[in-house]
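Subject: The structure to look at

Hi,

Here's the structure I said I'd pass on.

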Amino acid sequence: MIQIAHVDRLELAAVTGGPSDGHRRLGAESWSGWVAGLAGAALAVILLFARPDLPLPRGLDPGPEAAGRLLLTGVLVLSAGRWVLLRARGRRMRRWLSDPHLARAVEDLTEDLSLRYGGDERWELIRNPEPIEVPWREEEQGGGAGAPCGGSIAAYFRATPARRLVIMGGPGAGKSVLALRLAAELLQERQPRDGQGPRDGQGPVPVIVPLASWDPREGLYPWIARHVAAEHARACTPVTGAPPVAVALVLLRTRRILPILDGFDEIPADVRKRAMRRLREGTKGGFPFVLTSRQDEYREHAPEQNVFARSEITLCPLADSAVAAYLNPGGRPRSRWTEVLSRLEGAADGSPEDRLRSVLQVPLMANLAREAFSEEGADPRELLVPGAFADTTAIERRLYDAYLDAIYSPSHEERTGWDPPTARAWAGFLAARMKADNLENLAWWRLDEHVPRHVRVLALVPAFTLSVALMVRLDLGSWGWPASIGLSLWQAYAIVCALALLHTALSAADEELSPPQQIVRPTGTRLREAVRGRRGRTLAVFTAACLAAGWATTVFTRSGLWLWAMTAITWVTVRWCGRRLLLVADDPFLARSPGALLRSDRRATIVLGWLRTAGPPVLTVLCAVPLLLLGIWFAARAGDASAVFSADESAVGFLVDVLTASPFIVAIAILNGAWSYRDRLVPLTLVLPLIMLPLYAVTPAAQGAVTTGDWAFTVLATLVCWLLHGTAVSAWGRFQVARLYLAATGSLPLRLMAFLKDAHQRGVLRQSGGAYSFRHIELRDRLAQAVAAETRRDARRQFRGRQLTSGALALTLIAGSYAVTLEGAAQAALVTGPIRSLPAACSLLDGEHIAELTGGTDTSPSTTPTSVLSRWEPGCVIAEQPSFPRTVRIEAGTRIFEPFFDLSAVTLASRQFASWRSSSFRFGLVTEADSRSLEGFGDEAHLHTGRHLVDDVGRQVLLAAVVEVRKDNVVITVRYTEEHADRERVTEVAQALARTALRKAGLAPADHGTPAPQASPG
């Protein structure tokens, strides 16, 4: 029996990773894999017990029992392997829970935050020209207030009973600056001293988290974990493969991170009550925190001390002496502030001096006043004109306007070429958008969120256009399913690409935004981290051995599918090495400047952007499918030595027939793929050409039609498509789309980075690593008020049925991909062979050669039937004119083969040409006939010599030579006949004429070294 006297908190938490951690939920993967395994097992049981006839030719059918046993064995082996991998993955994911790895994450986080907070530009504002010490007082539990005090805020925080602190103050009072000072002091205490290493026992790592972007519908700590993981992904990945969000959440739960929650008042008013309830529930059990807020907004929702223990301090107004020292350092008697400051001393209540005095006691207003009235001709005495300002709000508004007028003065146009009103309107646009989204930092890589989705989709059009152009260039024939539609395969693929673009435009969830990337050196340290541990080294050695053995086997297998699989596996390895060793996410807040961060991502995109497109699901299909098919085929035909020659064709045919006979497998695969990989369907579409070409190449009707040039062109064009897609989804690519769109609409300048840099130099923005933010949230809000309401960002509205539409498009896209691959490329009906047309036969002969051979006589080609007794009919005949003895005859003919049933055009031409090898009689060579093969002509060539009867030359028996050449699906034949010539003479001339015909047909390069045939000496 267990007795529980008190339960402070019972918490059940599920750690899940969002898009930022790069990991998919294990649950979706697990059930989808088991469903696929059950489907395979069900098919195996049907084959074993029902014993249906497989739709395969008799010589290729392994039988239902053998196929069932093979399939069941494969399912069991794959299921066991999947279970082992999941267990190993679980153990690997638990590695980062160990104290050494969590301590390493804390050290890295401390280092990142020290650099970030130490370089914050607000320190310059605080210390220029002299630091402003803002006093604060402790709020008593009885409702009273203590005396103003100062000193180290970190020391006060450590002295609080529960280390739970609330910092209150008015607008611009310095709450965020005090929180920054607290974080900097706590981080300083964690720095190593005297070479003793990190001082991990000095408390948690302080992390400032702006609350403006928090939606209280989400738990406080999971949201903080996502925020920390997004901004400090490197620190939150202590070991390779660790999910950053889960690591950050563990650091929070184990009190290794101190959350400093900045800006409770910036949460929308209608959800502040829920936010306070979430804060109270999330920090039960004594979890430390720091909260900053305006006093009224906090007091409205603050719970009682007995249910929400904390210490509270309130920032005090600046003393008159501090204001005077800040506005008039040294007390110069002729300063423009001298008269104003003297009038503020002893001001009567309710007077203009009293109102200005209360305004200048706020640090932000004092800073704005100093900056606004520092220009020549500016006079701060206007702030004391009777009746000019009814209250302190009017004075504050005047200070904001004066400050903006000062920094956007006419000198602004001289320096940048932008006129001040336009530049101020641009700054107001940014302020309005950031205020609408409750954003503190202006991250340039997220600027595309302000661009309509249908405009963002246009960035993907070049990649898909080039991919469709590739399919047009390949021309893989007509779509085999259903044939009644009458579409060519490239047209069907174009429809799939259009569906992919439509799916992106109407997707219910935002696409995963790629953070800025950088290229790093593939150092030995990075390699050791990538293959850390015995398992990693074993996997690396095993992969290298498999690649070496696989490529060595490729030489002997002569299997296209095997070559395809090895290429895909090599690509997987190259992609893994590239992403692990060369390409890493750049930490925006550790960058030197936004421009440097942009250039780093641009360089990474141009060089390695193609690595982002093809993900693990696509690569798994490319690797696993051909190997599985070949394994089934070779197992079924283990005793047949000739199986390797028909393995490719039969394996693909087996897959197509099984899927056609079992449509439920297709349905399960489509549903599973659409659900599991719905966020990767668009990149999958760009990989389809690499899948369609091999499937098409091994079909009977296309054997020999796919050339080496087709393969090289497809691989190169696909890599370019992947590069275009990687550029479109990269941070740099999205920024370019946003920049062009916003410039076209007049919202921002085309030279956006130059404008932001200028605003930073003028003090409107401050820089935080690779991002900008407004100098103060009140300044942002003031700029946003000047923007017309119609230019502000509309809230994103999810129209009814959007998720249903997105899901339907995902299913359609998967079905379309299946249709153009297994039902398209694998069964495409070829229109013709690789060579579609040839010039006329007579145009293949050279006029100068003819003149030389006929002695310069006037000859003209003829296409009339000849009187030569042969079964071959040339398409062009050239002979001497009737006034001379017809001692020379030149004949040429061409033939283009097309597919016939299951024979491709190239295969049919090759078989027909082989049957003509010793058939001299078809050319009318009746005596002294001789046939042999020739080298250096097309794919293969034959030479026939002998005498034949020419009827229209007085039935003479003349010596002739015939050169017959096959190139792909084309046969070109040249016959040369000459009276009184020897065999060597007619052979030489016939070969020269054949070379010329090949060159003029575009089937051979120009050969300038081949001499023209000369006329006979006789």
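Below is what turned up, topic by topic. Keep in mind that this is a predicted model.

Let's start with the cysteines. A disulfide is a covalent bond between the sulfur atoms of two cysteines. The structure has one disulfide, and the partners are Cys 842 and Cys 876, with 2.1 Å between their sulfur atoms. The link between Cys 842 and Cys 876 is right-handed, with 110° about the S-S bond. What does the pair tie together? Cys 842 sits in the loop between α33 (802–821) and α34 (847–853), while Cys 876 belongs to strand β12 (residues 876–879), so the bond joins parts that are 34 residues apart in sequence.

The cut-off for a disulfide is 2.5 Å between the sulfur atoms. Cys 497 is buried, with 3% relative accessibility, and Cys 721 is buried as well, at 1%.

Next, a sheet. Three strands make up an open sheet in the order β7-β11-β10, and the pairing is antiparallel. Its edge strands are β7 (441–442) and β10 (765–768), each of which pairs on one side only. Between β10 and β11 (residues 771–774) there are four bridges; in one of the bridges, Leu 765 is partnered with Phe 774 of β11.

Thr 973 is part of strand β17 (residues 970–978). Is Thr 973 buried or exposed? Its relative accessibility is 4%, so Thr 973 counts as buried. If you skip its neighbours within four places in sequence, the residues in contact with Thr 973 include Trp 872, Phe 923, Val 962 and Val 963. Glu 891, Ala 892, Gly 893 and Glu 964 are also among the contacts of Thr 973.

Last stop, the surface. Ile 519, Ile 606 and Val 607 make a nonpolar patch of about 240 Å². Ile 519 lies in strand β8 (residues 517–519), and at 34% relative accessibility it counts as partly exposed.

Cheers

Terms used:
Residues numbered from 1 in each chain as written. Predicted model: local features only at pLDDT ≥ 70, side-chain atom pairs only at ≥ 80, totals over all residues. Heavy atoms only, no water. Helix = DSSP H or I, 4+ residues; strand = E, 2+ residues; numbered from the N terminus. Buried < 20%, exposed > 50% of the residue type's maximum accessible area, 1.4 Å probe, protein only. Contact = heavy atoms within 4.5 Å. Pairing = 2+ DSSP bridges. Patch = residues over 30% accessible without salt bridge, like charges linked within 9 Å, V, L, I, M, F, W, Y side chains within 5 Å. Areas by Shrake-Rupley, 256 points an atom, 1.4 Å probe, with all protein chains shown as cover. Salt bridge = Lys/Arg side-chain N within 4 Å of Asp/Glu carboxyl O.
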